[in-house]
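Please open the model in your viewer and keep the selection panel at hand. The tour below goes from one selection to the next and says what is found at each stop.

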Amino acid sequence: MNVTLLGAGAWGTALAVQAASRHAVMLWARDAAHADAMVGARKNPRYLPGVTLSAPLAISADLKAALRHADRGLAVIATPMSGLRELLAAVPGNAPVLWLCKGFEAGSGLLGHEIARELRPRAACGVLSGPSFAEEVAREQPTALVAASADEALRDAAAEVFHSDVLRIYTSSDPVGVE
């Protein structure tokens with residue numbers, strides 16, 4: 001499955017590393033210099049020092065290419081809450097999308113699922129969160145996350161993409177509770 005992580009901070013990078021051995025993964029960085037540095041070094045020292053980015057992991061600062069990749073798979077928005085609205089609006093209408101950010105949108109006070117309902121009322125959307133740290137996931141330490149969505153197929157896709165021997169993905173139909 002194609003998996004696109006939109007955001008090359010700690011969480012986006014950690015989940016990209018986790019899924020890249022089993023899926024066609026693209027990690028998008030908004031800063032071209034940051035993307036170029038990660039491609040050259042095969043590391044993301046700014047956010048995950050010491051973690052190697054495997055060769056199959058594609059890294060790009062080209063948002064259009066990242067969104068094309070997501071259109072044939074799963075998009076995961078790995079930005080702060082301030083970037084969620086813009087990227088939710090940019091993700092192709094048919095692509096299922098998860099977000100990692102928590103909290104309320106500044107100004108509107110909306111949670112992620114409320115923003116998604118406003119922008120993508122009929123699309124498969126959900127949240128991926130949990131009691132864990134990006135570094136634990138990237139270093140393959142045992143940890144767990146919860147994929148929550150009203151859409152069962154999206155919950156199952158999240159589990160299929162990210163579940164491994166060291167990362168447990170549990171599912172929930174309660175995105176509000178997970179947010």
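Which residues line the largest cavity? Select Met81, Trp99, Cys101, Lys102, Gly103, Leu111, Gly112 and Glu179, which together form that lining; here a cavity is a set of points, on a 1 Å grid over the protein atoms alone, where a 1.4 Å probe fits but cannot get out, and lining residues have an atom within 4 Å of a point. The volume of this largest cavity is about 30 Å³, where a volume is the space filled by probe spheres set on the points, and grid points are joined across faces, edges and corners.

Before going further, note that this is a predicted model, in which local features need pLDDT of at least 70 and side-chain atom pairs count only at pLDDT 80 or more, while totals for chains, interfaces and linings use all residues. Residues are numbered from 1 along each chain as its sequence is written, and side-chain values use heavy atoms, with hydrogens and water left out.

Next, select Gly7, Arg30, Ala78, Thr79 and Pro80, which lie nearest the centre of the largest pocket among its 24 lining residues; a pocket is an open set of points with protein on both sides within 12 Å along at least five of seven lines. The pocket has a volume of about 500 Å³. Helix 1 and helix 4 (84-90) each give at least two residues to its lining, and the largest share, 3 residues, comes from helix 1. Helices (H or I, at least four residues) and strands (E, at least two) are DSSP runs, numbered from the N terminus.

Stay with helix 1, residues 10-19, where 8 of the 10 residues are buried, meaning under 20% relative accessible area with a 1.4 Å probe and protein chains only. Among them is Leu15, which, with Phe162, touches the most other members of the largest nonpolar core, a set of 37 residues. Such a core is a set of buried Ala, Val, Leu, Ile, Met, Phe, Trp, Tyr and Cys residues joined through side-chain atoms within 4.5 Å. Leaving aside residues up to four places away in sequence, Leu15 touches Leu5, Leu100, Leu128, Val137, Leu145, Phe162 and Leu167, contact being heavy atoms within 4.5 Å. A second, separate core of 24 residues includes Leu67, Ala75, Trp99 and Ala116.

Now colour the strands of the open sheet, 8 in number, which follow the order 5-2-1-6-7-8-9-10 with mixed pairing; two strands pair if DSSP finds at least two bridges between them. Strand 5 (58-60) and strand 10 (167-172) stand at the edges, and because each has a single partner strand, one side of each is left without a neighbour in the sheet. From one strand to the next the twist averages 20°. Strands 8 and 9 are antiparallel and joined by 3 bridges, whereas 6 bridges join strand 9 to strand 10 in the parallel sense.

Finally, select strand 3 (residues 43-44) and strand 4 (residues 48-52), which pair in the antiparallel sense over 2 bridges. They form a hairpin with 3 residues between them, and Lys43 stands opposite Thr52.

Terms used
Axes are lines fitted to C-alpha atoms, for helices over the stretch in contact, and angles run from 0 to 180 degrees between N-to-C directions. Buried means under 20% relative accessible area, exposed over 50%, partly exposed in between (1.4 Å probe, protein chains only).
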